[in-house]
Amino acid sequence: MTTNWTRKRERKADVMSRAAEPSHMFSRCRVIGCDRPARAGTDDGLDTRFCRQHADHYSRHGSPYKRSYTSKELAPYRKAATAWLEANEDDFYARNAIDRVKTLYETAGPHVEAFRLRGLSPEARAKAAWARLRKAKIDPRRVVAAWLAVEMIIRDDPQPETKIEFRRVQVSKLVHKMASGTHKRWDAGVSGPKELHVYPRSRGRVLRHLGADIEGATELLIDHLPGLNRLEVRADKNPVGRRKPMAQDATDDLIHLPTFLFPLKTT
């Protein structure tokens, strides 16, 4: 009888043999301006769209050409989103999003140490990430605020990547960092104290599963917001994709961020 292990070994051998045979049909990466062949056109893989460099970029950032937003760029948006949630915590849809994130915490299963993730499927690794957040007691509002912040920064980006996969990956990278790894310390030992720090990779299909979960938790909140409005939010950093000119007066430090209409409370 053929075992699962045998089937996996045969599948792996088949993929490796096909990857080692370059196809001349895929002699160009699909990213404009890239003169490298797609991985299927080399002996480095089966990707028919991108070269190795752009495939790795796509895996990490959710786009083959646009980088992730930095923490400094996201900081004022996250602050504005958090303030909005605190001001509208009793709103039905805001409360629904927070409760859905709590449900993701509760249904994630047992906590799995970061060094025990090897061999798990991407979906199982995503559930393990929710379990780490639960164990670290991360406030669910921070997860909802992360999605709102990414929504805002994309709408304020002069050259945005509008595909949903990019949005999911950007949010997942933020949430993944909230309780990223496993840390252990042993005080006793022959050569003194020992420490172990293990961080799971923030890339690949795990981010896609995690992002889909967050999108599902916040979809009603996004759908039922009455629109976007311009709010002046004092921030220390520049808007995405712009250079800040020499300051003329104190008003130059104001950045116009799109945020959700306030407040949603009814009297």
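A residue counts as buried when its relative accessible area is under 20%.

**View 1. The whole chain, a predicted model.** By that cut-off, 40% of the 267 residues of the protein chain count as buried. The protein chain has 8 helices and 4 strands. Along the sequence they follow the pattern α-α-α-α-α-α-α-β-β-α-β-β. Take the contacts between residues at least 6 apart in sequence: 63% of them join residues at least 24 apart.

**View 2. Helix α3 packs against helix α6.** Two packed helices are described by the angle between their axes and the distance between the axes. Here α3 spans residues 71-87 and α6 spans residues 140-155. Their axes lie 8 Å apart, at an angle of about 125 degrees. That angle makes α3 oblique to α6. The crossing of α3 past α6 is right-handed.

**View 3. The residues between α3 and α6.** From α3 come E73, L74, Y77, R78, A80, A81, T82, W84, L85 and E86. Facing them in α6 are R141, V144, A145, L148, A149, V150, M152 and I153. The residues of this contact of α3 with α6 divide into 13 nonpolar, 1 polar and 4 charged. E73 and E86 are among the α3 residues, and R141 is among those of α6.

**View 4. E73, a buried residue of helix α3.** E73 sits in α3 and is one of the residues that meet α6. Its relative accessibility is 13%. Buried means under 20%, so E73 counts as buried. The side chain of E73 makes a polar contact with the side chain of R67, at 2.8 Å. A polar atom of the E73 side chain also lies 3.0 Å from the backbone nitrogen of T70.

View 5. R60 has a relative accessible area of 37%.

**View 6. R60 and L207 across the sequence.** How far apart are R60 and L207 in sequence and in space? In sequence, 147 residues separate R60 from L207. In space, the C-alpha to C-alpha distance between R60 and L207 is 8.6 Å.

Terms used
Residues numbered from 1 in each chain as written. Predicted model: local features only at pLDDT ≥ 70, side-chain atom pairs only at ≥ 80, totals over all residues. Heavy atoms only, no water. Axes fitted to C-alpha atoms, helices over the stretch in contact; angles between N-to-C directions. Helix = DSSP H or I, 4+ residues; strand = E, 2+ residues; numbered from the N terminus. Parallel < 35°, antiparallel > 145°, perpendicular 65-115°, else oblique. Left-handed = near helix turned anticlockwise from the far one by under 90°. Contact = heavy atoms within 4.5 Å. Nonpolar A, V, L, I, M, F, W, Y, C, P; charged D, E, K, R; others polar. Buried < 20%, exposed > 50% of the residue type's maximum accessible area, 1.4 Å probe, protein only. Polar contact = N/O pair within 3.5 Å; in protein donor to acceptor, adjacent residues only side chain to side chain.
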